[in-house]
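Here are my quick notes on this one, point by point. Have the model open while you read.

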Amino acid sequence: MQPDYRSLMDRAADLARPEHPHPNPRVGALIVAGDGTIVGRGAHLAAGTPHAEIHALRQAGEAAAGASLFVTLEPCSHRGTTPPCTEALIAAGVAKVVIGIEDPDARVSGSGIASLRRSGIEVEMDPTPALAEAVDPGYFHHRRTGRPLVTLKLAMTLDGQTAAADGTSQWITSEEARRDAHLLRSRSDAVMVGAGTVIADDPRLTVRIEGLGDRQPRPIVIAGRRPLPVAAKVFERNPIVYAPVQLDLPGEVVVVADGPRVDLGGVVADLGSRNVVDLLVEGGAALAGGLEKADLVDRYILYLAGAIAGGVGRPAFDGVFGTIGDQHRLEMLDVRRVGPDLRVEARRQR
């Protein structure tokens, strides 16, 4: 690809990242005239609304004829809640389309590219598709596996304690780290906790950042052996409660049992069938340990406070680290400062 193509594709990706159109993908698009002028910009804003390409075409108007489209994901060629983007691109007279990555959705998956080429539009694929996939990794994971991308978020001291022995944990990390965690919530479709967290902390599990009040993930509660208080704040938000037996609780109760416990694999599969693309887990050690044991965690976000507990309080995971062979190797994706704390992002090596 020509050197400026990379810059243009990166700018298209920057348009997509802030949006939350799930279960549809985040997509950004630029229309570039022959002299290099950007004449149209677009991003997919919400499911059921026009796609990124349509926004860019509308902004470009007649200047789209003979121009090039840079789009992070293969344009759709099927009719869903909106018409096919390929038809709009052909009708507008776009001469060339540069695509970040093929869409893994079976309804598209190469058919958009084929449709454009049949119409005489030149199609070029970005040689670095991983960069386009990174715009919305949850979408690609969901379309390929049928399951949401499961992200486990933990806040802990440098020596691995998530709470003191008496259960107190507010606050281990800084205000800056907590705000970053709320941004993570705002980009998630659902946020999961266990019964212990509901009982101990009584969280609402909302996004509390000005300007993002409409980005509220659906609460998910994993019921345990202890009864859940029906007056808990989370029940004001119509949660899905997964339980091993039917319970009389507010919200939607779904029985997914593995003997006396909740089948966490069944929970993740059920959420995938509900079009949950990104699942954020903020539960305690019991839930974290259960998900880890079942090999259900895909990504880890760890907030490490500049603090030492100096003793045994409450660790991040329930269970026993019996032998060195029990550890799970992770691929480190990002390490950065957030206020006085560290934020570490890693993913499971599969």
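1. The sheet first: five strands form an open sheet in the order β2-β1-β3-β4-β5, with mixed pairing. Its edge strands, each pairing on one side only, are β2 (38-43) and β5 (122-125). On average, neighbouring strands here are turned by 15° against each other, direction ignored. Strands (E, at least two residues) and helices (H or I, at least four) are DSSP runs numbered from the N terminus, and two strands pair if DSSP finds at least two bridges between them.

2. Helix α2 (residues 52-60) packs on that sheet and touches β1 (28-32), β2 and β3; contact means heavy atoms within 4.5 Å. The direction of α2 makes about 150° with that of β2. Angles run from 0 to 180 degrees between N-to-C directions, with axes fitted to C-alpha atoms, for helices over the stretch in contact.

3. Some housekeeping: this is a predicted model, where local features need pLDDT of at least 70, side-chain atom pairs count only at pLDDT 80 or more, and totals for chains, interfaces and linings use all residues. Residues are numbered from 1 along each chain as its sequence is written, and side-chain values use heavy atoms, leaving out hydrogens and water.

4. Now the backbone: His 22 and Pro 23 are joined by a cis peptide bond, omega about 10°. Pro 23 sits in the loop between α1 (3-16) and β1.

5. Asn 275, not a glycine, has a positive phi of about 65°. It lies in the loop between α9 (264-273) and β14 (278-281). Asn 275 is partly exposed at 39% relative accessible area (buried is under 20%, exposed over 50%, partly exposed in between; 1.4 Å probe, protein chains only).
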